[in-house]
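Colleague: Please take a close look at one chain of this model, and then at how the other chain stands beside it.

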Amino acid sequence: MAANAVSHASGVSRAPKSKSPLRLSIERFFHSPLAVAGLVMLVAIVFVTVFAPLFTHFSPSQPDIMNTDSPPTALHPLGTDGSGYDNLARVLYGGRVDLTVAFCAAMMTMVIGTLYGGVSGFFGGFIDTLMMRFVDVMLNFPFISLVLIVEAVFNTSSEWVLILIVGITAWPGPARLIRGVFLQLREQDYVVGARTVGCGNWRIILRHMLPNAMSFIIVLVSFQVAAYVGLDAALSYLGLGVPPNVASWGGILNTSTGYMSLRTEPYAWVPPAVMIVLTILSVNFIGDGLRDAFDPQTRT
Amino acid sequence: MGGALLEVRDLKTYFVSKQSTVKAVDGVDFSVSQGRVLCIVGESGSGKSVTSLSLMRLVQGPQGRIVSGEVLLEGRDLLRMSERQMSDVRGNEIGMIFQEPMSALNPVMKIGDQIGEVLVRHRHISRREAREKAVELLRNVGLARADEMVHEYPHQLSGGMRQRAMIAMAMACQPKLLLADEPTTALDVTIQAQVLDLMRALQKETGTAIILVTHDLGVVAEMADDVVVMYAGQIVESGPADEIFDRPLHPYTRALMDSIPVIEEERERLRAIPGTVPSAAHFPEGCRFADRCSLVEGRCRERLPELRELGPGHSVRCHLA
C-alpha cells in the first residue's frame, strides 16, 4: 500500500517521550522564578500554620492570665493581648481559618461556577439566556446583608458558615467567565467531532470540554483564593467574620484597630497583616505563573 | 436505484432568524450505493458542507434547522430518529472526517483514547481492549509507529498524520458510510494524494460507501464514481463521473472545469467564473446561476429550471441543455 511508504518518513524528528499539554504547562510554570517563589512562599505559610504546635507551645485559646498586654519577651516573642492570649500562637493558628476559608470558598465557587457556566455555555441559545439572566440577578445579591441575616437567624458565625455563604453568593462571576470559555469551545472542531462519533452531551462536556477549559479554571481558582484570603480580614473588620474567640488573622487585626494599639503595639498587628499580604502576593504570583504557563501563545 | 445505501430526498436545511431565512440547502436529492464514491462539488457557499452536516444531523441550532426531506440509511429515516438513536448511528454506521485535521482532534486527549472512545461507545469493549484495537487501526491507516502514537497527543503529530488518525477514528467501527468534508483541503499536495490513496484502499477493503465533499475537481476526477454538482443550495447537475467529465451539460459545470488551470496550456489569466454565489438569503426569481452564466436567456430569469434527466443517471437543471 502506498501508505506504508509514508509511515517511514513520518517517524522522524519527534520528542522522545510524549508529554501531555498539562505536563508541558507545569514544566513551563517551574521555569518562572516569580511563580516558583510564590509557590515556595505559600508552601511555607501553609506549613507554619498546619504545624503551628511545632513553633509555639501556647494555645491560641488558652490565655496566659499572668502576662496580659505583655510586650515581646522571650516567653511571648510577639507579646500577648489584653486577655493574655499569645500573639504568636494566634498568628500561627489563625492562618488555619483564613487559609481554609480562602481555599474552600474558592473551590466551592469554582465548582458551582464551572457547572453552571459550563452547562450554560454548552447549550447556548435560550437556556443560556435564561441562566445568564439569573447570574445577573445573583451578581447584585447583597452579600453582606446575607451574612448579617444568617448570623442573626442561626446565631452562629464560623468559618464554615462563611464558606457556605461565599459559595452560594460568589459563583456568578466565575460562572460567567467559564460560560464564555465553553461558548468558545463549543465551536471547536473536536467538539463537533466528538458528536460525529456519537458522544452524548454530558460526555462531551466532561470528557472533551472540561479538560480543555481546565487551564483557564486553574488560573481562575488561584485568583479566587487570593481574593478570599482578605475576605475574613475584611469581614472581621466589620465584626462579621469568625467569632472573636477563634483566632484568625482578620480577627487579630480587628482587635488592634484602636489608635493606641496601632501606635504602641505593632508587634501585635504587623505579623498577621504581613501574613495576609504575603499569602495574597504568593497566590497572585502563582496565578500569574499559571496563566503564563497555560497561555497558548507561549505553547511550543 | 434499488440498492441505495443512503438516499437523500428533497433535503432542505434553512437558517432562520428574525431578519431573514437563509436557504443553505434547498431541495437536494441524491443516493449512494455500497462501495461507491459520491463527490459533492461546488464552490464556497454552495451548501455542500451544510448538506453533509445535515446527513449527520449536526446543523448548529437554534437557527439552523432541517426543514424537510428524508435521509434514508438502509431505509431508516435519520431525520425521524430520536437524538439517542441518532447518536448510535454517528460514528458507528456513519463515520465522518473533517477539513481541519489540526483542530478536529481534542488537544488534551491521547490519540489512543480518542480512537478508543468510539469503540467503547459503540462496541462496548473495555478501555484496554479499545486501546489495543486503536493500535491496530492506526497501523491500518499506514502509521508505523502506532504503538507509540496511541500514547501521544495531537500536537505531536503532523497534519498528514492527524488526518490519518482521524480516518482511523472514523473507520473504527467499520461504518457503512464515510462522510468526508474536504478531507484534503488543509493538506499539502503530496500528503493529499496519500490521504486519497488511503481512503481508496480502505474503501476497497471494507466496501464502505464514501461521500466526499470538495471544491477540488482534481480530487473528484481521482476519486468519484458519481458526481453531484451543487450551486446555491441546489443540485445543478448530477451523474456518473465519466459522463460529467466527458459531457458536462450545465454551464456552471463547464465553467468549473474551465477554471482549472492546465499546466501544458499557456493562458493569459485563469478563467475564473465572474461574480459570486448569490446570497442564500434572497435568491433570484429564475435560475440561480443566471447572473453569472454566459449563455443566459430571457426565460432563465423568469422560471427556475427543473432537474431533468437527460441521459442514464445524468440530470441537469438548465433550460438550455
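Modeller: Buried residues account for 41% of the 300 residues in chain A. A residue counts as buried if 20 or more other C-beta atoms lie within 10 Å of its own, as exposed if 12 or fewer do, and as partly exposed in between, with C-beta atoms placed from the backbone. The model is predicted, and local features need pLDDT of at least 70, side-chain atom pairs count only at pLDDT 80 or more, while totals for chains, interfaces and linings use all residues. Residues are numbered from 1 along each chain as its sequence is written, with chains lettered from A and ligands numbered from 1 in the order in which they are written.

Chain A has 13 helices and zero strands; both are DSSP runs numbered from the N terminus, helices being H or I with at least four residues and strands E with at least two. Its radius of gyration is 24 Å, whereas a compact globule of 300 residues would have one near 19 Å. That radius is taken over C-alpha atoms, and the globule rule is 2.2 Å times the number of residues to the power 0.38. The C-alpha atoms of chain A fill a box of roughly 90 × 45 × 25 Å along the principal axes. Of the contacts in chain A with a separation of 6 or more, 70% are between residues 24 or more positions apart; a contact means C-beta atoms, placed from the backbone, within 7 Å.

Within chain A, helix H7 (residues 159-170) has 12 residues and reaches 16 Å from first C-alpha to last, close to the 16 Å expected. The expected span is 1.5 Å times one less than the number of residues. Buried in H7(A) are A:Glu159, A:Leu162, A:Ile163, A:Ile165, A:Val166 and A:Ala170. Seen down the axis, the buried residues of H7(A) fall within an arc of 165°, so they line one face of the helix; the arc is that of the directions from the helix axis to the C-beta atoms.

A:Pro243 is in the loop between H10 and helix H11 (249-255) of chain A. It has 13 C-beta neighbours inside 10 Å, so it counts as partly exposed.

Now the partner. Chain B has 11 helices and 12 strands. With 321 residues, a compact globule would have a radius of gyration near 20 Å, which agrees with the 20 Å of chain B. Buried residues make up 50% of the 321 residues in chain B.

Where the chains meet, 39 residues of chain B are in contact with 30 residues of chain A. On the chain B side, helices H2 (83-89), H3 (111-123), H6 (159-170) and H7 (189-206) of chain B each give two or more residues. By class, that side has 18 nonpolar, 13 polar and eight charged residues. Here Ala, Val, Leu, Ile, Met, Phe, Trp, Tyr, Cys and Pro count as nonpolar, Asp, Glu, Lys and Arg as charged, and the others, Gly among them, as polar.

The largest nonpolar core has 159 residues, and those with the most contacts inside it are B:Cys39, B:Leu138 and B:Ala168. Its largest share, 16 residues, comes from helix H10 (residues 201-237) of chain A. Such a core is a set of buried Ala, Val, Leu, Ile, Met, Phe, Trp, Tyr and Cys residues joined through C-beta atoms within 7 Å.

Methods
Two residues are in contact if their C-beta atoms, placed from the backbone, lie within 7 Å.
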